Amino acid sequence: MLGKLARQHDPNVLVGFDHADDAGVYQIAPDQALVQTVDFFTPIVDDPYIFGQIAATNSLSDVYAMGGTPLTSLALVCFPDKADLEILERILAGGLSKMIEAGCTVIGGHSIRDEETKFGYSVTGLIHPQKVLANAGAKPGDALLLTKALGTGVISTAIKKGKAEPSWIAAAVHSMTTLNKRTVEVITGAHVGDADVGMAAPGRPAQPSSAAAPQHPTGDHFFAAHAMTDVTGFGLIGHTRELALASDVSITLQAASVPLLEGALECVHAGHIPGGLKNNRDFAECQVEYDAAVPDDVRTLLFDPQTAGGLLISVAAPDSARLTQALSEAGVPVAEIGTVLPRTKPLIRVKSA
């Protein structure tokens, strides 16, 4: 629908909706740009506090996916008129706990009466204009790294049906409430809040550099990460497709290397398939070729819509092992799952190993 609207031309827009990127980026000074995103959805777990945490983690993820630092947020609330307000209080408290962990200040929001509960945030962050990690920078020869395992969509569906095992729920909740903050810290070689020495938020003093944070030339990162996106509602294949199209490259994925959450395969076998997975597959599978040995259940999970998913990172091959080690040492689960190739057909090839 956006493609049918009149185009606005503003030279300060560094990243718009042209390439289906994770967030918009708008330059406000030579060394400062705003990162802006919004996301909200219906409950996917029973516990209101955990739902609030998941919604906040998911909303923050798009700022991290651009390499940015979350700064402020506005809460978006839809809540039934006659529902227990203590439930809403718990949702808001859960969201706030993750915003505090991210160092992102909640400065307001908006609520409406609705028959179905929905919750999320609009988040604004900061980034140096020349350090944006958009989805359009992947280069042939890059390695593809993925943080976080797949499967939150099928497990959430099993939860709604009352068919999920406690260990599956625990693994999915842990994944969906883990911020992608630490990944960005590692990639930039600095704490997120101190990533750009001398770059202060409006009205705030510039942050001193961390003792462990090396200073880099403008446009450089501690690791040669060329592009990044988070894996959320369109699934791994959907977001890989966006990265490939934006970067004008093709991609090979190794199915055996893609990490899966405990219980994800069991959910597929039991038929706990969300509607979003089917939609993702109908839309994007035409640009995918599989090796015959790739199992059908794994093919299915490649389209599983993720909530607060991990980051897909396109990094120069010589830096792949070093970045993988650094992420692992920082407690970030990570796997090398593919490579970037010059543009060819198919757009995405999935090998068994």
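Is Lys98 buried or exposed, and what is its relative accessible area?

Analyst: Lys98 is buried, with a relative accessible area of 9%. Buried means under 20% relative accessible area, exposed means over 50%, and partly exposed lies in between, using a 1.4 Å probe and protein chains only.

Two notes on the basis. The model is predicted, so local features need pLDDT of at least 70 and side-chain atom pairs pLDDT 80 or more, while totals for chains, interfaces and linings use all residues. Residues are numbered from 1 along each chain as its sequence is written, and side-chain values use heavy atoms, without hydrogens or water.

Lys98 forms a salt bridge with Glu101, and the closest N and O atoms are 2.8 Å apart. A salt bridge here is a side-chain nitrogen of Lys or Arg within 4 Å of a carboxyl oxygen of Asp or Glu. Lys98 and Glu101 are 3 residues apart in helix 2, so about one helical turn separates them. Helices (H or I, at least four residues) and strands (E, at least two) are DSSP runs, numbered from the N terminus. Glu101 is partly exposed at 41% relative accessible area.

Now the other salt bridges. The whole structure has 10 of them. One joins Arg113 to Asp81, with the closest N and O atoms 3.0 Å apart. Arg113 sits in strand 5 (residues 105–113) and Asp81 in the loop between strand 4 (69–79) and helix 2 (85–102), so the pair ties together parts 32 residues apart in sequence. Arg113 is exposed at 68% relative accessible area. Asp81 is exposed too, at 56%.

Asp248 and Arg343 form another salt bridge, with the closest N and O atoms 3.0 Å apart. Asp248 lies in the loop between helix 6 (235–247) and strand 9, and Arg343 in the loop between strand 12 and strand 13, so this pair links parts 95 residues apart in sequence. Asp248 is partly exposed at 49%. Arg343 is partly exposed at 42%. Asp114, Glu116 and Lys118 are linked in a network of salt bridges.

Strand 9 comes next. Of the 6 residues in strand 9 (residues 249–254), 6 are buried, so the strand is largely enclosed by the rest of the structure. In a regular strand, side chains alternate between the two faces of the sheet. Val249, Ile251 and Leu253 point one way, and Ser250, Thr252 and Gln254 the other. Strand 9 runs antiparallel to strand 12 (residues 334–342), joined by 5 bridges; two strands pair if DSSP finds at least two bridges between them. Ser250 has Leu341 as its bridge partner in strand 12. Strand 9 runs parallel to strand 13 (residues 348–351), joined by 4 bridges. There, Thr252 has Arg349 as its bridge partner.

Lys148 is buried yet has no salt bridge, and Asp230, the nearest side chain of opposite charge, is 8.7 Å away. Lys and Arg count as positive, Asp and Glu as negative; His and the chain ends are not counted. Lys148 lies in the loop between strand 7 (143–147) and helix 3 (152–160). A polar atom of the Lys148 side chain lies 2.7 Å from the backbone oxygen of Ser175. The Lys148 side chain also reaches the backbone oxygen of Ala308 at 2.8 Å. Such a polar contact is a pair of N or O atoms within 3.5 Å; within protein, one must be able to donate a hydrogen and the other to accept it, and residues adjacent in sequence count only if both atoms are side-chain atoms. Residues that Lys148 touches include Thr178, Asn180, Pro259 and Pro333; contact means heavy atoms within 4.5 Å.

After helix 3 comes Gly162, with a positive phi near 70°.

Helix 1 (residues 48–65) is mostly covered as well, with 15 of its 18 residues buried. At its start, a side-chain oxygen of Asp47 comes within 2.9 Å of the backbone nitrogen of Tyr49. Gly67 follows helix 1, with a positive phi near 85°.

Key. Lists of a residue's contacts leave out its neighbours within four places in sequence.
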